[in-house]
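Welcome to my notebook. I went looking for a few details here, and I jotted them down as I went.

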Amino acid sequence: MTKSIEQKYRRLTDVEHVLLRPGRYIGSVKPHTASTFVINDEQKMATKELTWNPGLLKLFDEIVSNSVDHSKRPEGKNLDTIKVDIDRATGTIAVADNGGIPVVKHAEYNEYIPTLIFGYLRSGSNFDDNEDTDGTGQNGEGSSLTNIFSTRFTVETSDGKKQFKQTWTKNMMEKTQPMIIDGEVDGFTKITFVPDYAHIEAQLDDDNYAKIVKRVYDIAGCNPRLKVYLNGHRIRVESFKDYIKLYTPDFEYDENDDWQVGISKSDDGFAHVSFVNTTQTLQGGSHIDYVVDQIVDKLREYFKTKYKIKDLKPSEIRSHMRVFINARIIKPRYDSQTKENLITEPREYKTSYKVSDKLIQRLLKSPIIESILTWVEAKAKAAEIAQLKQLNKDTDKVNPRRILKLEDATYAGKKPAECYLFIAEGDSAAKAIISGRNPKTMGSLALKGKPLNVNSVDVKKLADNEEFFNIMAAMGLKVGEKVKSVKDLRYGHLVITSDADHDGAHIAGLMVSNIYKFWPELFELGVVYRFFTPIIKVWVKGKKEPVAFETELEYNEWLNKGSNRESVKQFKYYKGLGTSTPEDFKGYLSNVNDHLVKITMDAVSDGAIIGLVFGKEDGATDKRKVWLDISADPIKI
């Protein structure tokens, strides 16, 4: 159907426009579901998923904020009490305070001041831009918007000389004549209204009521001078510091005459609970950055100096913080009538806040620092793993049987539980193993020298290390992928085969350290072993087979018993694995389990020792020296 010119083009009154476009004035009037803070049964702030009407909450806020604003004006200096009463049965909300409004007529408009304030859009006392105000109102629309979105709206007030009462109905379309009563009565103002629940598609259900209750607590926490009541009960929040305690007992606090700041650890990214002149800035604004940037700059310098962390971004520090801010700002400006985002530049605040050194010192001892350090460590480890994971792609392309130093077992990858991979110290040891092995179940991989210490080399160098790559490929290991079962491997036994001297012990230690860093689960699965061969053999009179000793201590103890010394026919010292003959290795490997010692690891105690011995963090060298001096026994690996 084609619209007529008259249907297409319309001219709305102010009230009609507000009712037609509520979002522009009071925010969304559609149900909003989210996790939000509410007051629980223990009178603490707790998160709960609610569905509420933001517009309804704004209508209440416009009225209660008027009382708070008036308490800050010279003429409202005696206003120290605000009472909120909510009748859920009728949907009626009342806000009363002990501050009065002048009951006089405006000479120019011939209207009583209360009528002017509450009965007209863009009217009130907020239009003198030369006046330094710290109230929430700025456009003269707030209370009249509540009137427009109400089916009934009553104003009662007394200035000490006269009382005033007037009621509007039908979305401010109709009103009674003001009722004036002469007589000295203590000053007060009471606004009673019934929101137009049908128009904004809301009701005073549990969720909307919970949001209003929480807002009353906000008022009390941000204005310690005021006594705030809800349904006849005093809200006992004596300061903004007490208000923060409703959220968490663990925080650091600082304040001056105009700013109150609390900082606590956040486990869910940066968060804030912030107010400007009692208005909650849900989205945030310039005041958040003004405070947080100061703190972040100080903490970044600390991490740079103390821990040599130079690339820590401000956002990465912020993400571990939750801030609580209650700021007094002169003539604040927001990006909308809902006042959720402050846009005033700090240079225009006419108040200021400087982060104190005492606050920073307390923060340096707080859980926030530990949280950031843990995150930095995890980030560095993730970056290493990401770079090393490139090796996984390369190992997928490699046929292990083509690895130059690997003599692969026939059953490798087919029957891993039966297979042993001997990581040999040098070619001679590898050849000895090959000469005596069972080729179906035993493989040998020769090292060129000592393995890299993965705890002290650059990731790029490790990724380019051929031996590290060869061990991964031969075993079927992948960086960053946990081994869940022996079935995931090519070999079910990784056997460290090094000499029984200091160099051999060092090689074994490096191997254990490297495995522990990337695949600690191999110790739990019983995959890692040390191969021991005799270092001394003695042939004695009357026996065909020699007596074997794995340590000189064992040999000396045996030698000094009874007549053993006199029974010795022949003695041989095996300097290293290469000293054993192929025939010796056939004997060792035919009874391989007799020569294996399973290596187990305790994640706490053994992990700490590995970090101490092979770590590269600041001070590790000095710690090692102290440990070596006081250790009664060397590490046995």
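First, a term I needed: a crossing is left-handed if the near helix is turned anticlockwise from the far one by less than a right angle, and right-handed if clockwise. I worked from a predicted model, where local features need pLDDT of at least 70, side-chain atom pairs count only at pLDDT 80 or more, and totals for chains, interfaces and linings use all residues. Residues are numbered from 1 along each chain as its sequence is written, and side-chain values use heavy atoms, with hydrogens and water left out.

**Helix pair.** I looked up α4 (residues 54–71) and α7 (residues 206–222), whose axes come within 10 Å and cross at roughly 20°. Angles under 35 degrees count as roughly parallel, so α4 and α7 are roughly parallel to each other. I noted their crossing as right-handed. Residues in contact (heavy atoms within 4.5 Å) include L56, F60 and V64 of α4 and I212, V216 and I219 of α7.

**Cysteines.** I searched for disulfides (pairs of cysteine sulfur atoms within 2.5 Å) and found zero. I then checked burial, where buried means under 20% relative accessible area, exposed over 50%, and partly exposed in between (1.4 Å probe, protein chains only). C222 is buried at 8% relative accessibility, and C419 is buried at 0%.

**Positive phi.** I found that N277, not a glycine, has a positive phi of about 50°. N277 sits in the loop between β14 (271–276) and β15 (279–280), and is buried at 2% relative accessibility. K331, not a glycine, also has a positive phi of about 50°. I placed K331 in the loop between β17 (321–327) and β18 (341–342); at 23% relative accessibility, K331 is partly exposed.

Notes: Axes are lines fitted to C-alpha atoms, for helices over the stretch in contact, and angles run from 0 to 180 degrees between N-to-C directions. Helices (H or I, at least four residues) and strands (E, at least two) are DSSP runs, numbered from the N terminus. Angles under 35 degrees count as roughly parallel, over 145 as roughly antiparallel, 65 to 115 as roughly perpendicular and the rest as oblique.
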